[in-house]
Amino acid sequence: MTNIKTHPWDVAEHLKTKEDMAAYLEAALEDGDPALVVAALRDITRSKAMTQISRETALGNESLDQVLSMEGNPDFATVLKVIQALGLRLRATSI
């Protein structure tokens, strides 16, 4: 039997452009699971400078990390602040 070498995969390493980030967040929003949306925001935030995002949202690094954690439950205002700090925008379309 051949040994297969695997490497950890981290989506944050592949979110290079705002278009990548927007597509990733849009896919999470389409799923409709709030926990998935927060996880996507966490991944996108990790792909950028956390300090910059925390400064722009007026949340400390630790607070931002806690809000976007698996146990976090950010309010909508915080979600909007994070999205804006990431240079993204939400928009509504009909389904």
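The side chains of R46 and D10 meet in a salt bridge, with 2.7 Å from N to O, where a salt bridge is a side-chain nitrogen of Lys or Arg within 4 Å of a carboxyl oxygen of Asp or Glu. The pair links distant parts of the chain, since R46 belongs to helix α2 and D10 to the segment before α1, 36 residues apart. This is a predicted model, in which local features need pLDDT of at least 70 and side-chain atom pairs count only at pLDDT 80 or more, while totals for chains, interfaces and linings use all residues. Residues are numbered from 1 along each chain as its sequence is written, and side-chain values use heavy atoms, with hydrogens and water left out.

**Salt bridges**

- The structure holds 2 salt bridges; in the one between D43 and R46, the closest N and O atoms are 3.2 Å apart.
- D43 and R46 both lie in helix α2, 3 residues apart, which is about one turn of the helix; helices (H or I, at least four residues) are DSSP runs, numbered from the N terminus.
- Salt bridges that share partners join D10, D43 and R46 into one network.
- With a relative accessible area of 40%, R46 is partly exposed, and D10, at 22%, is partly exposed as well, whereas D43 counts as buried at 11% relative accessibility; buried means under 20% relative accessible area, exposed over 50%, and partly exposed in between (1.4 Å probe, protein chains only).
- Side chains of opposite charge can pair when their charged atoms come close.

**T45 in helix α2**

- T45 is placed in helix α2, which covers residues 34-47, and T45 is buried, with a relative accessible area of 0%.
- Leaving aside residues up to four places away in sequence, T45 touches M50, I53, L64, L68, V82 and L86, contact meaning heavy atoms within 4.5 Å.

**Helix α5**

- In helix α5 (residues 76-85), the buried residues are T78, V79, V82, I83 and A85.
- Seen down the axis of α5, these buried residues fall within an arc of 165°, so they line one face of the helix; the arc is that of the directions from the helix axis to the C-beta atoms.
- The face of α5 turned away from its buried side carries the exposed residues F76 and Q84.
- The cover over the buried residues of α5 includes α1 (18-31), α2, α3 (50-57) and α4 (61-67).
- After α5 comes G87, whose phi is positive, near 80°.

How values were computed:
Helices (H or I, at least four residues) and strands (E, at least two) are DSSP runs, numbered from the N terminus.
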